[in-house]
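Here are my notes on this one, for when you have the coordinates open.

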Amino acid sequence: MKTIISPSILSADFANLERDIKLVEQNGADWIHIDVMDGHFVPNITIGIPVTAALKRIAAIPLDVHLMIDNPEKYAKDFINAGADILTFHYEAMDNDEKVLELIKFIKTAGVKAGLSIKPKTPAEKIIPFLNEVDLLLVMTVEPGFGGQKFMQDCAQKIKVIRKNAPVTLIVQVDGGINAETGRICRDFGANSLVAGNYIYKSADITSAIASLRK
Ligand code: DX5
Ligand code: ZN
């Protein structure tokens, strides 16, 4: 299965987002990863709905929107209207499993891929009931909030449990501290989508950096 590479624009130059999106598009990126943070669910504030809508006008490849916000059910519709092609929310942001299921259904009914994400301290067992419902499962290998942190390999072990219990069509994505070496570990564990911010955007050779994530 081909690995889906999703460069995180959190590490791009925010004064040159159009240039930086074209740059990864021309170098083989599959999706554009947009990190949405609200200052509540995580201690940082980044991109919101109007910027996502503006990026939709620029991007030729799908927008992979990662919501790190409280009450994602309140904003899902707005991000779908803004042009999210994949909409991922956090398990920890939801009150109960029923609400998780409701939001997955809502996103899928809108014709958008639904993703569910877990933070480092959440065991894989918690989200097993949803593996047949979601299109994508995102395993965080850093505490969400900032780019450029160190990969936590014990979190990546969860990929194996998820893969074992998931339908073959599930996209298993990893996010946090991904480079050629950690990306390979995750692929060996069964991941087929890699998010990378710093490794791609801070590289002197973006073509090789993206290509190295597939090797
Ligand atoms: C972290 C974000 C990541 C981040 C990854 O909260 O969800 O997408 O941008 O950055 P790197 O690849 O630099 O760890
Ligand atoms: Zn992310």
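1. A term to begin with: a polar contact is a pair of N or O atoms within 3.5 Å; within protein, one must be able to donate a hydrogen and the other to accept it, and residues adjacent in sequence count only if both atoms are side-chain atoms. By that rule, the S117 side chain reaches the backbone oxygen of L138 at 3.1 Å, and it also makes a polar contact with the side chain of H90 at 3.3 Å.

2. Housekeeping: this is a predicted model, with local features needing pLDDT of at least 70 and side-chain atom pairs counting only at pLDDT 80 or more, while totals for chains, interfaces and linings use all residues. Residues are numbered from 1 along each chain as its sequence is written, chains are lettered from A and ligands numbered from 1 in the order written, and side-chain values use heavy atoms, with hydrogens and water left out.

3. Now ligand 1. One of its oxygen atoms is 2.7 Å from a polar backbone atom of G197, and an oxygen is 2.8 Å from a backbone N or O atom of G148. For H66, the distance from a side-chain N or O atom to a ligand oxygen is 3.3 Å. The protein covers 99% of the 380 Å² of accessible area that ligand 1 has on its own (Shrake-Rupley method, 1.4 Å probe).
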